[in-house]
Amino acid sequence: MAKYLLLKHYRGAPASVNDVPMDQWTPEEVSAHVQYMNDFAARLESTGEFVDSQALSSEGTFVRYDGEGRPPVTDGPFAETKDLIAGWMVIDVDSYERAVELAGELSAAPGAGGKPIHEWLELRPFYAPSPTVTE
């Protein structure tokens, strides 16, 4: 089994087909979207392919160490993840092809007007170091 991250973006990814920002959806549309995500996760949980999922709030701060005795530096002249990343799901599947299949299905979550978003999801495998050879 291999773990993959399905990363949802607020912006930064190519525009989705149903490209209405979530803050413009009705409460019913938001509820339908969340229910789709929960149902999807529950189905993967039953097959042993679900690991974790989280939605992220729009709050957040970049923090960097700035030297001994100095306060950490916060924020900067760059896009922050709070502006870009909406949430994620971690799956554990038998193949890359299965990960692509599930990402495609998750991309069809409903959005404005109840129509599928067809959003772009970033699919990234977890880093797995090569096994060391012992003699």
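**Fold and contacts**

Analyst: Of the contacts (heavy atoms within 4.5 Å) between residues at least 6 apart in sequence, 76% join residues at least 24 apart. This is a predicted model, where local features need pLDDT of at least 70, side-chain atom pairs count only at pLDDT 80 or more, and totals for chains, interfaces and linings use all residues. Residues are numbered from 1 along each chain as its sequence is written, and side-chain values use heavy atoms, with hydrogens and water left out.

User: How many helices and strands does the chain have?
Analyst: There are three helices and six strands. Both are DSSP runs numbered from the N terminus: helices are H or I with at least four residues, strands are E with at least two.

User: And in what order do the elements run from the N terminus?
Analyst: The order is β-α-β-β-β-α-β-α-β.

User: What share of the residues is buried?
Analyst: Buried residues account for 27% of the 135 in the chain. Buried means under 20% relative accessible area, exposed means over 50%, and partly exposed is in between, with a 1.4 Å probe and protein chains only.

User: Next, aromatics. How many aromatic pairs turn up in the whole structure?
Analyst: The search finds one aromatic pair. Tyrosine 4 and tyrosine 96 form it, with 6.3 Å centre to centre and 55° between the planes, which makes the pair tilted. For this, rings of Phe, Tyr and Trp (its six-membered ring) need centres within 6.5 Å; planes under 30 degrees apart are stacked, over 60 edge-to-face, and the rest tilted.

User: Where in the chain do the two partners sit?
Analyst: Tyrosine 4 is in strand E1 (residues 2-9) and tyrosine 96 in helix H3 (residues 96-106), so the pair links distant parts of the chain, 92 residues apart.

User: Is tyrosine 4 buried or exposed?
Analyst: Tyrosine 4 counts as buried, at 8% relative accessibility. Tyrosine 96 is partly exposed, with a relative accessible area of 49%.

User: What else is in H3?
Analyst: Leucine 102 lies in helix H3, and it is buried with a relative accessible area of 0%. Leaving aside neighbours within four places in sequence, leucine 102 is in contact with Phe40, Arg43, Leu44, Glu49, Ile91 and Val93. Its C-alpha atom is separated by 8.9 Å from that of isoleucine 91, 11 residues apart along the chain.

User: Which residues are closest to its centre?
Analyst: Of the 31 lining residues, the closest are Lys8, Tyr10, Met22, Ala86 and Glu119.

User: Which element supplies the largest share of that lining?
Analyst: H1 does, with six residues. E1, helix H1 (27-47), strand E2 (50-55) and strand E5 (85-93) each supply at least two.

How values were computed
1 Å grid on protein atoms, 1.4 Å probe; cavity = no way out; pocket = protein on both sides within 12 Å on 5 of 7 lines; lining within 4 Å.
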